[in-house]
Amino acid sequence: MSTTASVAPELLAKYEPVIGLEVHVQLLTQTKAFCGCSNKFGAPPNTLVCPVCLGLPGALPVLNKRAVEFAVLAARALNCEIRERSIFARKNYFYPDLPKGYQISQFDKPIAEHGWIDVDTPNGEKRIGITRLHMEEDAGKSIHDGFPDSATRTYVDLNRCGTPLIEIVSEPDIRTPDEAYEYLTKLKEILLYTGVSDCNMEEGSLRCDANVSVRPRGQEKFGTKAEVKNVNSFRFIRAALEYEIERQVEVIEGGGRVVQETRLWNANEGRTYSMRSKEQAHDYRYFPEPDLPPLIVTADKQAAILQDMPELPEARRKRMISEYEITAQDAQTLTATRAFADQFEAAAKAAKSPKRVANLVQSELTMRLKAANLELEQSPITMKGIAQAADLAEEGKLSSKQLKQLFDTAFERNEDFGIVYEREKPQQISDPAAIEKLIDEVIAGNPKQVEQYRAGKKTVAAFFVGQVMKLSKGQANPSLLNELVAKKLDA
Amino acid sequence: MTQTVTTEDVQRVAELASLELTSEEETRMVRDLNAILGYVQHMNELNTANIEPMAQVGELAGHEALRPDDVATSLRRDAVMAGAPETDGVFFKVPKVIER
């Protein structure tokens, strides 16, 4: 079996996939959820642990206030209703990276419920429901490979144990792998804007499990679902879902039945594997956590927390489009991250033409970033540099050719635009007499074109502008040049 | 006394709790659990329709049971590993885990 379609498209089309996603997000607090150990990625193994997160007898958890604030911010950003009184519960299971033998989570009374995200689909905007958002703690990390005795031993690092998480569970509203991808992209964007998480999938601060089933189109009842785990990029989620949908259709079309099970995604092979867990293995025996009181977040408290709510990406794009007269596409690029949008807005407000700033980002900057394989945040040219370039171009002090050259240099030498400009300050010929002299030269050399122009073919002016620009090695002031060429030819 | 907990129930709960019981212990567990549940049954006769469930009493103290997000010193690793059943001084080591 492989990822390539082994099922005929017309068979696939008979079925409708039903997908729900569970996303775990680590919160960017200084400390863990229930103890004061530092919540930091990458510390030497087992150096950020204490009696609470090691689950030593007698140690008691105390909830991190900041984690609650972050959960409330995220919940509201995802349009959830926030519960004033939520309850922590113990989820019981045995695994070596869970020293207490239970995970502190929330069960029947989570902090938030009934939210939604709007995503773009080929058929227009679609609302994906969010069933719930609850708080819980992360487990430690088990390392199964890479040690001389890995054949017989698993190594455990408990630094991550107790890291505050929110789990966001979607309704089974998603119908295609593309919608799942869009949902995750939007979710990540919103969470990044709220600042509650860095959503770094490589470091595991955002993780996603997918529940997927298929049913004959038109049937109301859901099919039997499989849960796909171990997928560590949005691209892989799409691939894993595509694979899993085909697998299930194949099973059903072959006269079989889909079994409810957990399957692991193997990115190297591009397929999912059954974990073959024991039947009935999962019974978490949730019960209220006796070591923690109910979490009370009153309406007043919520209001105070929500004062820190930033403008969210969707609203920001709408505002920027009208405020700076930019296109929806511009707005999409410029709001890729909150930091970048902030920089753009600061630059655009100071610049003479925000539209020109947006254009430079969209064309000159984006193109070069792509070529250099850089992210926006890694750009050698800052938004301040872009704004400076935009102003110089706006004032006619820089031809577009000169601007392109300066951008090239900035990228080659990894310097900001301002530095390159100050050093290389391209000579611009702004002396009318000097330009007129060049124009005369070109006119004298191209009598045929002059004739065409004077016969009424005004577009030939562009030819003269181009020739003079070439002669001036790109240094003629473009607006002055345009003006003088017309004047000379009309004379 | 009504028999609400069966031997199968006890075996299932023991499995979930990773306990290995002898058949003698199983018999005792069936008896004890039925006695406990019988007592709970007795309490169920109370009308609690309008009473909020209370899992613990910390709430009654009335103060906010939250902690400021300030870093506290963690334990020294050598002290932690001194209590580990098996370690290389850096990691906890456990028998190979296959199923997750």
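Colleague: What share of the contacts in chain B with a separation of 6 or more comes from residues 24 or more positions apart?

Modeller: A contact means heavy atoms within 4.5 Å. In chain B, residues 24 or more positions apart account for 37% of the contacts with a separation of 6 or more. The corresponding share in chain A is 71%. Please keep in mind that this is a predicted model, in which local features need pLDDT of at least 70 and side-chain atom pairs count only at pLDDT 80 or more, while totals for chains, interfaces and linings use all residues. Residues are numbered from 1 along each chain as its sequence is written, chains are lettered from A and ligands numbered from 1 in the order in which they are written, and side-chain values use heavy atoms, with hydrogens and water left out.

Colleague: Which elements does chain B contain, and in what order do they run?

Modeller: Helices (H or I, at least four residues) and strands (E, at least two) are DSSP runs, numbered from the N terminus. Chain B has three helices and two strands, in the order α-α-β-α-β from the N terminus.

Colleague: Which residues of helix α1 in chain B are buried?

Modeller: Buried means under 20% relative accessible area, exposed over 50%, and partly exposed in between (1.4 Å probe, protein chains only). In α1 of chain B, residues 7-16, the buried residues are B:Val10, B:Arg12, B:Ala14 and B:Leu16. Their cover includes α2 (23-43) of chain B. After α1(B) comes B:Ser18, with a positive phi near 55°. Over the whole of chain B, 21% of the 100 residues count as buried.

Colleague: Why is chain A described as more spread out than a compact globule?

Modeller: Chain A has 17 helices and 17 strands. Its radius of gyration is 30 Å, well over the 23 Å that the globule rule gives for 491 residues, so chain A is more spread out than a compact globule. The radius is taken over C-alpha atoms, and the rule is 2.2 Å times the number of residues to the power 0.38. Along the principal axes, the C-alpha atoms of chain A fill a box of roughly 95 × 55 × 55 Å. Buried residues make up 51% of chain A.

Colleague: How should I read the salt bridges, and how many are found over all chains?

Modeller: Side chains of opposite charge can pair when their charged atoms come close. The criterion is a side-chain nitrogen of Lys or Arg within 4 Å of a carboxyl oxygen of Asp or Glu. The whole structure holds 47 salt bridges over all chains. One of them joins A:Glu345 and A:Arg316 at 2.9 Å, N to O. This pair links distant parts of the chain, 29 residues apart: A:Glu345 is in helix α9 (residues 338-350) and A:Arg316 in helix α7 (residues 313-324). Both A:Glu345 and A:Arg316 are buried. They belong to a network of salt bridges that also includes A:Glu311, A:Arg319, A:Glu323, A:Asp342 and A:Lys349.
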